[in-house]
Amino acid sequence: MKAVYIKEFGGTENLEIRDVPGPPKPRGSEVIVRVRAAGLNRADLLQRMGLYPGPEGFDPHRPGLEFAGEVADVGEGVVGWRPGDRVMAITAGEAQAEFVSADASLLIRIPDNLSFAKAAAIPEAFITAHDAIWAQGGLKDGETLLVHAVGSGVGLAALQMAKAKNASVIGTSRTQEKLDAAAEFGLDHAIVVTGTPAFSGQVAEMTGGRGADVILDLVGGSYFHENLKSLASRGRLLLVGLTGGASAEIDLRLALQKRATIIGTILRSRSLAEKAEAARSFAEQMMEHFVDGTIEPVIDKVFPASSAAAAHEYLASNESFGKVVLEF
Ligand SMILES: NC(=O)c1ccc[n+]([C@@H]2O[C@H](COP(=O)([O-])OP(=O)(O)OC[C@H]3O[C@@H](n4cnc5c(N)ncnc54)[C@H](OP(=O)(O)O)[C@@H]3O)[C@@H](O)[C@H]2O)c1
């Protein structure tokens with residue numbers, strides 16, 4: 001079977017489509033899926049550079065954290081899934097290939113109104129955002145959510161789900177056009193961040209001086225101090241992405257004064273049971289909105305898998321609005 005393969009860790013010239021052994025025979029609770037589309041993630045860029053290998057058992061040369069396709073074969077312990085079923089899921093690696101093996105507990109049924117490309121744009125971004133905002137951040141009715149890099153894959157997922165739950169959403173971006181486009185997905189307030197980050201004053205104005213109850217931070221280090229300043233009393237800061245750096249100085253007085261909760265989160269290295277729970281909770285609470293069209297996966301570009309190098313370069317350019325997807 002064909003798979004995206006990292007010949008050597010480094011630049012995009014090291015990406016190729018290679019014949020690898022497979023598809024494997026499923027055992028126990030495993031399902032083999034014929035992949036039709038697979039989302040591209042920042043983690044794949046890091047993996048290509050040799051900086052972020054998958055957990056044990058996953059080939060570090062074979063990227064791919066999410067997929068959409070048809071069930072091809074099921075293990076003897078699988079109940080409820082049959083060959084031909086349209087499914088999507090997160091996994092910890094190797095999803096950018098013609099076939100992928102996944103535990104049945106991770107699978108989510110694709111609604112009839114979604115193409116494989118659209119479905120492939122869902123699992124990583126939406127499950128990450130859903131788990132962070134609700135399971136960990138405990139966003140409640142009437143609260144305000146601040147989403148950084150709101151035009152990103154995870155950012156737009158967060159925005160759409162929060163609007164479906166009637167939250168008020170403030171979004172930031174370094175790109176005005178992305179904020180204008182995010183307004184069409186219900187963004188209540190937009191802040192363009194240029195130069196040294198200084199958004200806390202605007203957040204205070206937009207919330208009548210209260211601050212944000214939950215912050216979904218996809219930027220990290222460079223936004224940390226302003227994030228603390230932007231929190232409402234008893235606010236929750238979710239650290240999800242580090243595109244703006246991995247270190248920051250903490251003003252502990254602010255953390256105390258705000259009675260702040262700071263939570264770091266990561267999906268890839270979690271146990272199967274934790275991932276299955278995050279997937280199940282997201283599907284139960286949100287899939288109906290994809291069926292009735294209140295939420296739609298936002299795709300910027302679809303590339304053939306053979307153009308994985310171009311797809312990596314495009315994602316790294318920061319130009320994308322929403323997800324980048326590979327098709328097989
Ligand atoms: N913890 C987890 O389990 C988990 C899971 C999924 C993703 N993530 C992380 O979440 C982040 C977002 O992922 P994604 O797939 O949604 O990303 P994406 O679609 O590639 O978008 C990232 C956006 O972040 C903005 N950005 C980049 N560098 C920045 C900087 N130095 N300062 C401020 N903004 C910057 C850019 O938009 P602008 O035009 O707005 O600048 C860029 O388009 C990534 O860091 C990713 O690794 C974490």
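Trainee: What makes S9, helix H5 (residues 176-183) and S10 a right-handed unit?

Mentor: The model is a predicted one, in which local features need pLDDT of at least 70, side-chain atom pairs count only at pLDDT 80 or more, and totals for chains, interfaces and linings use all residues. Residues are numbered from 1 along each chain as its sequence is written. A crossover is right-handed if, with the strands pointing away from the viewer, the path from the first strand over the helix to the second runs clockwise. S9, H5 and S10 form a β-α-β unit of the right-handed kind. Helices (H or I, at least four residues) and strands (E, at least two) are DSSP runs, numbered from the N terminus.

Trainee: Which strands are joined to S15 by bridges?

Mentor: Strand S3 (residues 30-40) is joined to S15 by 4 bridges and runs antiparallel to it, with Ala38 opposite Leu326. Strand S14 (residues 299-304) is joined to S15 by 5 bridges, in parallel, and Pro304 has Glu327 as its bridge partner there. From S14 the chain passes through helix H10 (residues 308-316) to S15 in a right-handed β-α-β crossover.

Trainee: Why is helix H4 described as largely enclosed by the rest of the structure?

Mentor: A residue is buried if 20 or more other C-beta atoms lie within 10 Å of its own, exposed if 12 or fewer, and partly exposed in between, with C-beta atoms placed from the backbone. In H4, 10 of the 12 residues are buried, so the helix is largely enclosed. Among the buried residues are Gly153, Leu156 and Met161.

Trainee: Which residues come nearest to the ligand?

Mentor: Of the 30 residues around the ligand, Ser152, Val154, Ser173, Arg174 and Gly241 come nearest. Helix H1 (42-48), helix H3 (123-136) and H4 each contribute at least two residues to the shell.

Technical notes:
Two strands pair if DSSP finds at least two bridges between them. A residue is near a molecule or strand if its C-beta atom, placed from the backbone, lies within 6 Å of it.
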